Amino acid sequence: ITLRGSGVVGVHRLTTAWSEGSGQNSCLGNGATWTQTGTGTAWSQPGGDFTAPDQATVTKTAGEAPGWDTFNVTPFAQGWLSGAFPDDGLLLKLDDETPSACTTVTNCNYWAYASNDYSDATLRPTLTISYH
């Protein structure tokens, strides 16, 4: 994760199917965007269709060193496994998306998480499942 600023990042279950683009470390425009699912269909709201409220959150602090964040997504995994709802993925979202007054990239309020196809495999997200 790359961090600038502070805030709360929440995890939500996406409720609409979407298409992943084929770009690696760049956007080729052939997958989901802020306004579309990637299949030519608009999201019902910009940014994606998702459940509210946050299922799990992480509070980020300005100046915090990059590192791993842990979200408990057990209810989502249980719902996917039981067939209660489809696995349309998860959305990480700032609770307060008010744009910050940026004069340089170093004082903007943003985070960057690596995706599953990020070039540095050690920074890709993981899902750990434990059976009890």
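The largest nonpolar core has nine residues: V9, V11, A56, V58, F71, V73, F76, L94 and W111. Such a core is a set of buried Ala, Val, Leu, Ile, Met, Phe, Trp, Tyr and Cys residues joined through side-chain atoms within 4.5 Å. Buried means under 20% relative accessible area, exposed means over 50%, and partly exposed lies in between (1.4 Å probe, protein chains only). At least two residues of the core come from strand 2, and at least two from strand 3. Contact means heavy atoms within 4.5 Å.

The model is predicted; local features need pLDDT of at least 70, side-chain atom pairs count only at pLDDT 80 or more, and totals for chains, interfaces and linings use all residues. Residues are numbered from 1 along each chain as its sequence is written, and side-chain values use heavy atoms, with hydrogens and water left out.

The protein has one helix and five strands. Helices (H or I, at least four residues) and strands (E, at least two) are DSSP runs, numbered from the N terminus. From the N terminus on, the order is β-β-β-α-β-β. Buried residues make up 24% of the 132 residues. Of the contacts with a separation of 6 or more, 64% are between residues 24 or more positions apart. The accessible surface comes to about 8600 Å², and carbon and sulfur atoms hold 54% of it. Accessible areas come from the Shrake-Rupley method with a 1.4 Å probe; for residues, only the protein chains shown count as cover.

Strand 2 (residues 7-13) is mostly covered, with five of its seven residues buried. Strand 2 pairs with strand 3 and with strand 4. Two strands pair if DSSP finds at least two bridges between them. Strands 2 and 3 run antiparallel and are joined by five bridges. Strand 2 and strand 4 (residues 90-94) also pair in the antiparallel sense, over five bridges. G10 takes part in both pairings: its bridge partner in strand 3 is T57, and in strand 4 G10 stands opposite K93. V8 has T59 as its bridge partner in strand 3.

In a regular strand the side chains alternate between the two faces of the sheet. Strand 3 has a covered face, formed by A56, V58 and K60, and an uncovered one, formed by T57 and T59. T57 lies in strand 3 (residues 56-60). T57 counts as partly exposed, at 41% relative accessibility. Leaving aside neighbours within four places in sequence, T57 is in contact with V8, V9, G10 and F71. T57 and D69 are twelve residues apart along the chain, and their C-alpha atoms are separated by 9.5 Å.

The loop between strand 2 and strand 3 holds P53. A cis peptide bond joins A52 and P53, with omega about 0 degrees. Most residues other than glycine have a negative phi, and most peptide bonds are trans. G38 is partly exposed, with a relative accessible area of 30%. Not counting residues up to four places away in sequence, G38 touches S19, G31 and A32. G38 and E20 are 18 residues apart in sequence and 7.3 Å apart in space, C-alpha to C-alpha. G40 also lies in the loop between strand 2 and strand 3. G40 is exposed, with a relative accessible area of 60%. The C-alpha atoms of G40 and S19 are separated by 9.8 Å, across 21 residues of chain.

Aromatic rings were examined next. Rings of Phe, Tyr and Trp (its six-membered ring) pair if their centres lie within 6.5 Å; planes under 30 degrees apart count as stacked, over 60 as edge-to-face and the rest as tilted. By this rule there is one aromatic pair. F76 and W80 form the pair, which is stacked, at 6.5 Å centre to centre with 25 degrees between the planes. Both residues lie in helix 1 (residues 74-82), four residues apart, about one turn of the helix. F76 is buried, with a relative accessible area of 5%. F76 is also one of the residues of the largest nonpolar core.

The charged end of R13 sits over the F85 ring, 3.8 Å from its centre. A charge sits over a ring if NZ of Lys or CZ of Arg is within 6 Å of the ring centre and within 35 degrees of the ring normal.
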